[in-house]
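Here is a friendly walk through one protein chain, written for someone who likes to follow a fold with the structure open on screen. Have a look at the display first, then read on.

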Amino acid sequence: VQLQACGGGLVQAGDSLRLSCAVFGRSVSSVVMAWFRQGPGKEREFVAGISRNGGRTQYVDSVKGRFTVSRDDAKNTVYLQMNSLKPEDTAVYYCAATRVLFSSFTVKTMAEDFVSWGQGTQVTVSS
């Protein structure tokens, strides 16, 4: 599976961005997908995940109510809609995919469960 992420940019606090992750080589419905981020001087952290059937999602507490992860099976793409952005959201954002192993409703949050990673897209939020 190959992943191609895009959509990052430089925005002001309170603005919105939508990240996209195009999936190549396998149907997006066959893998568990997630978004991670790594801020300057910080460890990589889980941000949001979505199950194979799109029926379950999970978020890190700091983005709940502001970020929404979704999928478009027809476009084989996963999205991360980010609203009310804050300076602390500044990071490189990565999309990731698991192996084809998990049930339809599984959401994964640990980086070691993901075997395919996108190249990362920079999100910078100014105050």
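What follows covers a sheet, the nonpolar cores and a group of aromatic rings.

Please keep in mind that this is a predicted model.

**The sheet**

Let's begin with an open sheet of four strands, paired antiparallel in the order E1-E3-E8-E7. Its edges are taken by strand E1 (2-6) and strand E7 (67-72); each has a single partner strand, so one side of each is left without a neighbour in the sheet. From one strand to the next, the twist averages 15°. Gln2, for example, has Phe24 in E3 as its bridge partner.

In soluble globular proteins, nonpolar side chains tend to be buried together. Here, the largest nonpolar core has 28 residues, and Met33, Trp35, Leu80, Met82 and Tyr93 are those with the most contacts inside it. Elements that give two or more residues to this core include E1, E3, E7 and strand E8 (77-82), along with strand E9 (91-98) and strand E11 (121-126).

Leaving aside residues up to four places away in sequence, Met82 touches Asp15, Ser16, Leu17, Leu19, Arg66, Phe67, Tyr93 and Val123. There is also a second, separate core of six residues, with Phe36, Ala96, Ala111 and Phe114 among them.

**The aromatic rings**

How many aromatic pairs does a search of the whole structure find? The search finds four. Two of them involve Phe36, and they are set out below.

| Pair | Geometry | Centre to centre | Angle between planes |
|---|---|---|---|
| Phe36 and Phe46 | edge-to-face | 5.8 Å | 80° |
| Phe36 and Phe114 | edge-to-face | 5.4 Å | 80° |

Both pairs link distant parts of the chain. Phe36 in strand E4 and Phe46 in strand E5 are ten residues apart, while Phe36 and Phe114, the latter in strand E10 (residues 114-117), are 78 residues apart.

Ring pairs link Phe36, Phe46, Phe114 and Trp117 into a cluster.

Notes:
Residues numbered from 1 in each chain as written. Predicted model: local features only at pLDDT ≥ 70, side-chain atom pairs only at ≥ 80, totals over all residues. Heavy atoms only, no water. Pairing = 2+ DSSP bridges. Axes fitted to C-alpha atoms, helices over the stretch in contact; angles between N-to-C directions. Core = buried A, V, L, I, M, F, W, Y, C linked by side-chain atoms within 4.5 Å. Buried < 20%, exposed > 50% of the residue type's maximum accessible area, 1.4 Å probe, protein only. Contact = heavy atoms within 4.5 Å. Phe/Tyr/Trp six-rings, centres within 6.5 Å; stacked < 30°, edge-to-face > 60°.
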